[in-house]
Amino acid sequence: MLRFVEEILLLLLRDDDGRFVAVPGIALDNAIAGAVLMDLALENRIDTDPEHLILIDPTPVGDSLLDPTLAAIAGGEQRDALYWVAQTALRAGEIREEALSRLVERGILEHHEGRFLWVFRSRRYPIIDGKAEREVKLRILGVLLSDEIPDPRDIVIIGLADACGILPELLPKRDYEQARARIEQVRKLDLIGQATSRAIHDIEMWLAAGQA
């Protein structure tokens, strides 16, 4: 099973030239942070309510993408998800590079002349943990362009992708406008995704105020 950070990066990868969709660095850093927190939630290490991020189990997951953030949460005061998105975003560059290295090691991508290229073109990942998984872009488009009940993982990916502005790059403009109501419906199911969006919005407002 891939981590959410890895799937966000695959969602950003352009099929035609092996480069990544250009999104604001602040937005991407916060999306990566939100992805780490969501994986910790699915590992039953943390939980959230509208006001707090709650530590359930401080035991390390055994995954270097997640454990530094878990250790920080366990060693700090209780704060809300927005705070921990911002704190984890400070390590986003390190997390991103490690996630890309893992995708290369797993045989999903190869690194060639400054670009990351798909190794397999079947639209499925190679076998991981005993099964092949449908590629993230197809899963997300399937949810947004239909009324099917989304998988919990896809709810997270949609919230994070929308927060950092990836979705308009995946859908033609007309389809994206038609999917907006569906995107909002799915995003309401994810508290950490909402905190990620608020973090991005707050930083953008702060930057705008500084330039005024």
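This is a predicted model: local features need pLDDT of at least 70, side-chain atom pairs count only at pLDDT 80 or more; totals for chains, interfaces and linings use all residues.
I looked up arginine 3 and aspartate 39. Their side chains meet in a salt bridge at 3.6 Å, N to O. Arginine 3 sits in the segment before α1 (4-12), aspartate 39 in helix α2, and 36 residues separate them. Both arginine 3 and aspartate 39 are buried. I then traced the network of salt bridges that includes Arg3 and Asp39; Glu6, Glu43, Asp63, Glu98, Arg102 and Arg106 are also linked in it.

Next I checked arginine 139. Its side chain meets that of glutamate 7 in a salt bridge, 2.9 Å from N to O. Glutamate 7 lies in helix α1 and arginine 139 in helix α6 (residues 136-144), so the pair ties together parts 132 residues apart in sequence. Glutamate 7 is buried at 1% relative accessibility. Arginine 139 is buried too, at 11%.

Arginine 139 also forms a salt bridge with aspartate 154, again 2.9 Å, N to O. Aspartate 154 is in helix α7, 15 residues from arginine 139. Aspartate 154 is buried.

I moved on to arginine 153, in helix α7 (residues 152-163). I find it buried, with a relative accessible area of 13%. Beyond its neighbours within four places in sequence, arginine 153 contacts Met1, Leu2, Arg3, Phe4, Glu7, Asp39 and Leu42.

Last, I opened helix α3 (residues 67-75). Asp67, Thr69, Leu70 and Ile73 are buried there. Seen down the axis, the buried residues of α3 fall within an arc of 160°, so they line one face of the helix. Their cover includes α2 (25-42), β1 (46-48), β2 (53-55) and α4 (81-89).

How values were computed
Residues are numbered from 1 along each chain as its sequence is written. Side-chain values use heavy atoms; hydrogens and water are left out. Buried means under 20% relative accessible area, exposed over 50%, partly exposed in between (1.4 Å probe, protein chains only). Helices (H or I, at least four residues) and strands (E, at least two) are DSSP runs, numbered from the N terminus. The arc is that of the directions from the helix axis to the C-beta atoms. Contact means heavy atoms within 4.5 Å. A salt bridge is a side-chain nitrogen of Lys or Arg within 4 Å of a carboxyl oxygen of Asp or Glu.
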